[in-house]
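User: I've got this model open and want to go through it with you. Can we start with the loops?

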Amino acid sequence: MVKASKALDRVLVLEMVRVTEAAAIAASRLIGRGDEKAADAAAVEAMRKAFNGLEFDGTVVIGEGERDEAPMLYIGEKVGAAVGTGPKIDIALDPLEGTTITAKAGPNALAVLAIAEEGGLLNAPDVYMDKIAIGPGYPAGLVGLDRTPTENITALAAAKGVQPNEIIACVLDRPRHEKLIAELRQIGCGIVLIPDGDVAGVIAVTDPDTTIDIYLGSGGAPEGVLAAAALRCVGGQFQGRLLFRNEEERARAHKWGVTDLDRIYHLEDLVKGDAIFAATGVTDGSLLEGVKRRKNGVMTTESVVMRASSGTVRWVKGEHHKGG
């Protein structure tokens, strides 16, 4: 059982929903407009404004990039209305997880964040991460990055009481995954290929309605920490290993305190102690409905918010009126 953090006041659970709602609504105005940067900028500005209305001392540990790359919500940025006096909170965020998705009006774009008390989230460098995730209810250590995809699928199928060809895997549709996809198909495994949005892809393993049993493949390391925060709240298994393409990326990892470049991170390494995870749909997806515009300027949102210490998952429907 995860011990409740005094810094994560119960009020913050629903306040986090308000933050992701603000980002999602701002980004939704640019759905299908073909401008990724404008959609991302709108979400960032709205999320930052919402954070600065909250009575805490927040530090962005996973954000839009380093200070010289990102004008707002950069790594190390302080947010909140009580900087220096309020409870110290670490924040991982992606104001618009799926910028290309939003620009093209595709599925599964989200506004996402996770918070923990100071020191509770891995300060992951902005590099790739090899990931594997399954939902709750399985023996610890059932799957792992030190095994082949075939070994992982076979073990998962046996634990589920089915044949390997009855397992469904979620994989990002990228050229780098050609060998992985070929191996999975060789053993008859079903594959859900997603164009983007691997936070939603990882979380999908926790929801039986998605029919997805396992997530495999590489994606962004910051998104890995965000997804791990969700699994920390609802259960499941996750492993991640940072991938480095060049010396610049290795140097970036050292800058953020990563010394063992080959380490396999488990769920508790990525998210320590209590945590809150929140997400609001920007476009319709497997996890959440997107922002909808109704008559008279009314907008509706669907969000999910989770807390590790209580294991509570809340689904929140919002109705937003102009000026409300």
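User: Where is threonine 211 found?
Analyst: Threonine 211 is in the loop between helix H6 (198-203) and strand S8 (214-220). Helices (H or I, at least four residues) and strands (E, at least two) are DSSP runs, numbered from the N terminus. This is a predicted model, where local features need pLDDT of at least 70, side-chain atom pairs count only at pLDDT 80 or more, and totals for chains, interfaces and linings use all residues. Residues are numbered from 1 along each chain as its sequence is written, and side-chain values use heavy atoms, with hydrogens and water left out.

User: What is the phi of threonine 211?
Analyst: Near 65°, a positive value in a residue other than glycine. Most residues other than glycine have a negative phi.

User: What about asparagine 296, which phi does that have?
Analyst: Asparagine 296 has a positive phi of about 60°, and it is not a glycine. It lies in the loop between strand S12 (292-293) and S13.

User: Is asparagine 296 buried or exposed?
Analyst: Asparagine 296 counts as exposed because its relative accessibility is 73%. The cut-offs are under 20% relative accessible area for buried, over 50% for exposed, and partly exposed in between (1.4 Å probe, protein chains only).

User: Switching to salt bridges. How many are there?
Analyst: The count comes to 17 salt bridges. The rule wants a side-chain nitrogen of Lys or Arg within 4 Å of a carboxyl oxygen of Asp or Glu.

User: Which residue meets aspartate 57 in a salt bridge?
Analyst: Lysine 78 does, at 2.8 Å, N to O. The pair links distant parts of the chain: aspartate 57 is in strand S1 (residues 57-62), lysine 78 is in strand S2, and they are 21 residues apart. Aspartate 57 counts as buried because its relative accessibility is 2%. Lysine 78 is partly exposed, with a relative accessible area of 37%.

User: Which residues are linked in a network of salt bridges?
Analyst: Asp57, Lys78 and Lys88.

User: And aspartate 198, what does its side chain meet?
Analyst: Lysine 131, in a salt bridge of 2.5 Å, N to O. Again the pair links distant parts of the chain: aspartate 198 sits in helix H6 and lysine 131 in strand S5 (residues 128-134), 67 residues apart. Both aspartate 198 and lysine 131 are buried.

User: Which residue forms a salt bridge with aspartate 269?
Analyst: Arginine 263, with the closest N and O atoms 3.2 Å apart. Arginine 263 counts as partly exposed, at 35% relative accessibility.

User: OK, domains. How is the chain divided?
Analyst: Into domain 1 (8-120 + 273-318) and domain 2 (126-268). These bounds come from an automatic or database domain assignment. The domain centres, taken over C-alpha atoms, are 23 Å apart.

User: How many residues are in contact there?
Analyst: 25 residues of domain 1 contact 19 residues of domain 2. Contact means heavy atoms within 4.5 Å.

User: What area is buried between domain 1 and domain 2?
Analyst: About 1900 Å², and carbon and sulfur atoms give 72% of that. Buried area is the accessible area (1.4 Å probe) that two parts lose on being put together, summed over both. In domain 1, Ile62, Glu66 and Glu97 lose the most area to domain 2, together 25% of what that side buries.

User: How many salt bridges cross that interface?
Analyst: Zero, by the rule.

User: What about the count of residue pairs in polar contact between the domains?
Analyst: Two, both at pLDDT 80 or more. A polar contact is a pair of N or O atoms within 3.5 Å; within protein, one must be able to donate a hydrogen and the other to accept it, and residues adjacent in sequence count only if both atoms are side-chain atoms.

User: Last one: where is alanine 275, and which residues does it contact?
Analyst: Alanine 275 is in strand S11. It is buried, with a relative accessible area of 0%. Leaving aside neighbours within four places in sequence, its contacts are Leu8, Ile115, Cys233, Met306, Arg307 and Ala308.
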